[in-house]
Amino acid sequence: MNKSIYSLVLSDDVVDAVDALARTEGMSRSAMINRILAERVAYTTPEMRLRDILQSLARSMNGEFMLTEQPTGSTLSARTSLKYRYKPTVKYSVEIYSENGKRAGQLRISFRTQNAQLIADLMGFFRRWAALEQKYIADKLSNDIVYTIADGRFERTLNMPSNQITDDELGTAVAEYMAMFDGAMKAYFAELPDENSAQTAVNRLYKQAISQQNVII
């Protein structure tokens, strides 16, 4: 959305009220005025779309996730814990792209660990997960999935569904994907060190979960 500079004559009291509201929302004066005017004329700005998607995502998270901070800008951060010796923290970060396109955003999962065995086990799960996605959903997506898998870190693009969905439905779909991923990862680690049993558990859970999802991203 293009932006230009405009001169407006406003009451000082109105500007003070706008500034106070902007501070509570963590926004600039210009951004707040832009939002107020957009809402008044029933126009959805990219910033409003991001807010709606992230709010839907936050509402749709189940009890396994804890928000580390309220959604800001285009990003939401959350965490869970993994039952693995010292219960390492799993950090989730979701970035939603402001413009409508073939990609809805990106999901990042990371661990702060130097434990070599944990990193090796994580890499095994991440690769198994990517292989299942390539087998079962790659041909149903609007674009190829781009992965980054390295050093206990997993990143994946989130694709925009080919069918039209609302911002609320997109936020819910991202939350469901995160829950599916988190549940499968915990099922995998529950079966270790038997890697065959771990892979069987993930395969079963993935096929069951993906068959129940209305929106594939």
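Student: Which residues are buried in H6?
Tutor: Ala-198, Gln-199, Ala-201, Val-202, Tyr-206, Ala-209 and Ile-210 are buried in H6. Buried means under 20% relative accessible area, exposed means over 50%, and partly exposed is in between, with a 1.4 Å probe and protein chains only. They span an arc of only 160° around the axis, which places them on the same side of H6. That arc is taken from the directions running from the helix axis to the C-beta atoms.

Student: And what sits on the face of H6 turned away from the buried side?
Tutor: That face has the exposed residues Asn-196, Arg-204 and Ser-211.

Student: Before I go on, what kind of model is this?
Tutor: This is a predicted model: local features need pLDDT of at least 70, side-chain atom pairs count only at pLDDT 80 or more, and totals for chains, interfaces and linings use all residues. Residues are numbered from 1 along each chain as its sequence is written, and side-chain values use heavy atoms, with hydrogens and water left out.

Student: Back to H6. What covers its buried residues?
Tutor: The cover includes helix H4 (116–136) and helix H5 (167–191). Contact here means heavy atoms within 4.5 Å. Helices (H or I, at least four residues) and strands (E, at least two) are DSSP runs, numbered from the N terminus.

Student: How many residues does H6 have?
Tutor: H6 covers residues 195–211, so to speak its whole run, and has 17 residues. From first C-alpha to last it reaches 24 Å, close to the 24 Å expected at 1.5 Å a residue. The expected span is 1.5 Å times one less than the number of residues.

Student: What happens at the start of H6?
Tutor: A side-chain oxygen of Asp-194 comes to within 3.2 Å of the backbone nitrogen of Asn-196. A polar contact is a pair of N or O atoms within 3.5 Å; within protein, one must be able to donate a hydrogen and the other to accept it, and residues adjacent in sequence count only if both atoms are side-chain atoms.

Student: New topic: the sheet. What is the strand order?
Tutor: The order is S1-S2-S3-S4-S6-S5, in an open sheet of six strands with antiparallel pairing. Two strands pair if DSSP finds at least two bridges between them. Strand S1 (66–72) and S5 are at the edges with a single partner strand each, so one side of each has no neighbour in the sheet. The twist averages 10° from one strand to the next.

Student: Which helices pack on it?
Tutor: H4 packs on the sheet and touches S5 and S6, its direction making about 160° with that of S5. H5 packs on the sheet too, touching S2, strand S3 (89–96), strand S4 (103–110) and S6, and its direction makes about 155° with that of S3. Axes are lines fitted to C-alpha atoms, for helices over the stretch in contact, and angles run from 0 to 180 degrees between N-to-C directions.

Student: Is S6 mostly covered or mostly open?
Tutor: Mostly covered: six of the seven residues of S6 are buried. Seven bridges join S6 to S4, and the two run antiparallel. Gln-106 stands opposite Thr-157 in S6.

Student: How do S5 and S6 pair?
Tutor: S5 (residues 147–150) and S6 (residues 153–159) are antiparallel, over four bridges. Thr-148 is opposite Glu-155 in S6, and Ile-149 has Phe-154 as its bridge partner.

Student: Now H1. Which residues are buried there?
Tutor: In H1, Val-15, Val-18, Asp-19 and Ala-22 are buried. Their arc is only 100° around the axis, which puts them on the same side of H1. Their cover includes helix H2 (29–40). The face turned away carries the exposed residues Asp-13 and Thr-24.

Student: What caps the N-terminal end of H1?
Tutor: Ser-11 does, with a side-chain oxygen 3.3 Å from the backbone nitrogen of Asp-13. Gly-26 follows H1, and its phi is positive, near 70°.
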